[in-house]
Amino acid sequence: DGGITQSPKYLFRKEGQNVTLSCEQNLNHDAMYWYRQDPGQGLRLIYYSQIVNDFQKGDIAEGYSVSREKKESFPLTVTSAQKNPTAFYLCASSRREGSYNEQFFGPGTRLTVL
Amino acid sequence: KQEVTQIPAALSVPEGENLVLNCSFTDSAIYNLQWFRQDPGKGLTSLLLIQSSQREQTSGRLNASLDKSSGRSTLYIAASQPGDSATYLCAVNGAGNNRKLIWGLGTSLAVNP
């Protein structure tokens, strides 16, 4: 089955810890995205990557880092510099060019700071 | 700056009713508009995507329309069912190089048996 997987489904972090959220896709999509979702707010873009070994900051990149070493994978690290990391994190992917940029989403990771 | 608004924020209807969800946007220079569904605690499912050159798209009981000049899109759900209960989000893809999605806050729909 083609799709996007995110792991873990639930993640708990202690103060001062870095944690990494996994996102993998087998859709052969070039572009991948990380969003954060908080109650009462629209989805906010953290980082996006249009091609391997390249990525750009979104609207709320501070306290987060990413890498794109493989086309299929786009992990997100939530660092201790992110002051309010408790949220629902969504990964998405899309074809890059010559397409309609339709985005497809994974099931999400819920991060809670203890 | 593009802003996307969805009205109403919440809607409760009896099963079988036809209903319309609204999405409005402030800048008509869009590439496309996408409607999504989100169940509680889950990821988003893409429902329909309308290109800027299109007026509507249909999938099963769903029909989405786009009126760029007035900055509006509607999602029509025919013969609603309890399984349609979810939050419906619309997102606008801006024209030009900055093709990032701008999101509405969603409409939370409850279809009661």
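Start in chain B: select Cys23(B) and Cys90(B), which are joined by a disulfide with an S to S distance of 1.8 Å. Keep in mind as you click around that this is a predicted model.

Now colour by secondary structure and see where the two ends sit. Cys23(B) belongs to strand β3 (residues 19–25) of chain B, while Cys90(B) belongs to strand β9 (residues 86–94) of chain B, so the bond ties together parts that are 67 residues apart in sequence.

Time to hop over to chain A. Select Cys23(A) and Cys91(A): here is another disulfide, with the sulfur atoms 1.9 Å apart. This pair links distant parts of the chain, with Cys23(A) in strand β3 (residues 19–25) of chain A and Cys91(A) in strand β9 (residues 87–94) of chain A, 68 residues apart.

While you're zoomed in, look along the S-S bond. Which hand does the disulfide of Cys23(A) and Cys91(A) have? The torsion about that bond is about -75°, so this disulfide is left-handed.

Bring the surface back for chain A. Cys23(A) is buried, at 1% relative accessible area, and Cys91(A) is buried too, at 0%.

Key: Residues are numbered from 1 along each chain as its sequence is written. Chains are lettered from A and ligands numbered from 1 in the order in which they are written. This is a predicted model: local features need pLDDT of at least 70, side-chain atom pairs count only at pLDDT 80 or more; totals for chains, interfaces and linings use all residues. Side-chain values use heavy atoms; hydrogens and water are left out. A disulfide is a pair of cysteine sulfur atoms within 2.5 Å. Helices (H or I, at least four residues) and strands (E, at least two) are DSSP runs, numbered from the N terminus. Buried means under 20% relative accessible area, exposed over 50%, partly exposed in between (1.4 Å probe, protein chains only).
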